[in-house]
Amino acid sequence: MKRFKCMYVFVVVLLSTFTYGQESLKMFVKESKVPCQGVGPMECLQVKYDNDKDWQLFYDHIEGFNFEKGNRYEILVTRTKRQEPIPADASAYQYKLKSIISKTPVSKEKGIYNTKMILTQLNGKKINSGKAFITINDETGTISGKNGCNNFNVKYTKLSSKNQIKTNSPMGTLMACDDESMKLEQEFNVAITNKKFKIVKKNNTVQFKNAKNKVVMEFSIPTQDQLWSFIAKNNWKLIALENVGQDYGKASIKFNPAEKKVSGNTGCNNFFGTYETNGDRISFDKIATTRMACIGEGNKTEQKIVSYLNSKDLRLDVADQTLNFYLNDKLVMMFGITK
């Protein structure tokens with residue numbers, strides 16, 4: 001009998017060890033993501049827990065959950081506390097999908113909301129840098145994006161008239177940039193702070209007009225053709241890999257949309273292949289490299305780049321002057337424009 005009691009205690013202790021720091025949570029996931037700032041620029045899921053009223057940004061990855069834009073989810077996840085020491089760029093928790101309770105298609109929102117818009121005119125002056133852009137979130141009542149140098153967000157309230165809003169004071173990061181970018185940021189912040197606007201959309205152009213019907217800011221919604229034209233005309237040098245920013249030597253990527261071809265350098269060898277896109281998703285095929293032997297960091301960089309290029313679940317976007325690749329919503333490669 002004593003032996004059985006000892007075995008019972010052992011089993012209880014063992015089960016407690018397996019379940020320590022672990023809990024099941026029900027989450028609701030919104031049908032669209034929004035720009036956010038983690039270790040680097042990224043897009044975040046919008047989630048609510050059981051009794052929450054408001055959506056909140058979710059910066060982590062849910063293992064096993066393949067988010068599809070345009071669908072609202074109710075899911076059950078397991079949240080486990082990470083063991084110490086926790087990496088500086090990691091969350092205190094790990095999330096794993098247990099089951100999808102429901103998946104409901106939601107009609108795609110049209111118009112000015114949840115769409116990235118690039119600033120093209122400010123106070124009558126043309127802006128061609130692409131360094132300022134916004135996204136308007138109708139549900140949270142916020143405008144977020146980049147003001148020329150820093151990331152920002154500003155609350156707004158809707159007025160009684162259609163498409164008229166009043167903004168508050170913006171909040172943002174405090175990074176210093178070159179003089180041109182800082183000047184644009186200052187003018188942009190003045191233009192958007194505590195103002196009333198009438199927002200008018202025509203085709204891919206969105207104008208913010210004041211009470212005198214004067215255009216204060218004008219934005220352009222990029223088409224896929226414009227996006228790929230911008231990507232194709234630039235050479236892209238690797239500036240961050242798995243959220244580690246450093247000099248990766250010759251590591252780079254170049255696209256030829258007309259022939260659906262890609263080429264570049266892995267930091268060790270040249271590579272080339274083909275690609276296909278579906279919205280913001282991209283998949284590479286027939287990736288081949290030259291055969292020069294490399295050692296040290298160059299070899300490690302090559303292994304990681306080739307591994308990501310061979311992944312079938314990459315997503316890409318262009319934010320400011322960077323070309324970003326995501327795997328399972330985690331920013332894995334960031335390229336910057338080089339001459």
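Buried means under 20% relative accessible area, exposed over 50%, and partly exposed in between (1.4 Å probe, protein chains only). The model is predicted: local features need pLDDT of at least 70, side-chain atom pairs count only at pLDDT 80 or more, and totals for chains, interfaces and linings use all residues. Residues are numbered from 1 along each chain as its sequence is written, and side-chain values use heavy atoms, with hydrogens and water left out.

**View 1. Thr266 sits in the loop between strand E21 (261-265) and strand E22 (270-278).** Helices (H or I, at least four residues) and strands (E, at least two) are DSSP runs, numbered from the N terminus. Thr266 is buried, because its relative accessibility is 0%. Its side chain forms a polar contact of 2.6 Å with the side chain of Glu302. A polar contact is a pair of N or O atoms within 3.5 Å; within protein, one must be able to donate a hydrogen and the other to accept it, and residues adjacent in sequence count only if both atoms are side-chain atoms. The side chain of Thr266 also reaches the backbone nitrogen of Cys268, at 3.3 Å. Beyond neighbours within four places in sequence, Thr266 is in contact (heavy atoms within 4.5 Å) with residues including Ala251, Phe271, Thr289 and Ile305.

**View 2. Asp138 and Lys158 form a salt bridge.** A salt bridge is a side-chain nitrogen of Lys or Arg within 4 Å of a carboxyl oxygen of Asp or Glu. The structure holds 10 of them. In this pair the closest N and O atoms are 2.7 Å apart. Asp138 lies in the loop between strand E10 (132-137) and strand E11 (142-147) and Lys158 in strand E12 (residues 151-158), so the bridge ties together parts 20 residues apart in sequence. Asp138 is partly exposed, at 29% relative accessible area.

**View 3. Lys237 pairs with Asp247 in a salt bridge.** The closest N and O atoms are 3.7 Å apart. Lys237 belongs to strand E18 (residues 235-241) and Asp247 to the loop between strand E19 (244-245) and strand E20 (252-256), so the linked parts are 10 residues apart in sequence. Lys237 is partly exposed at 27% relative accessibility. Asp247 is exposed, at 63%.

**View 4. A salt bridge joins the side chains of Glu242 and Lys304.** The N to O distance is 3.1 Å. Glu242 lies in the loop between E18 and E19 and Lys304 in helix H4 (residues 297-309), so the pair ties together parts 62 residues apart in sequence. Glu242 is partly exposed, with a relative accessible area of 29%. Lys304 is also partly exposed, at 35% relative accessibility.
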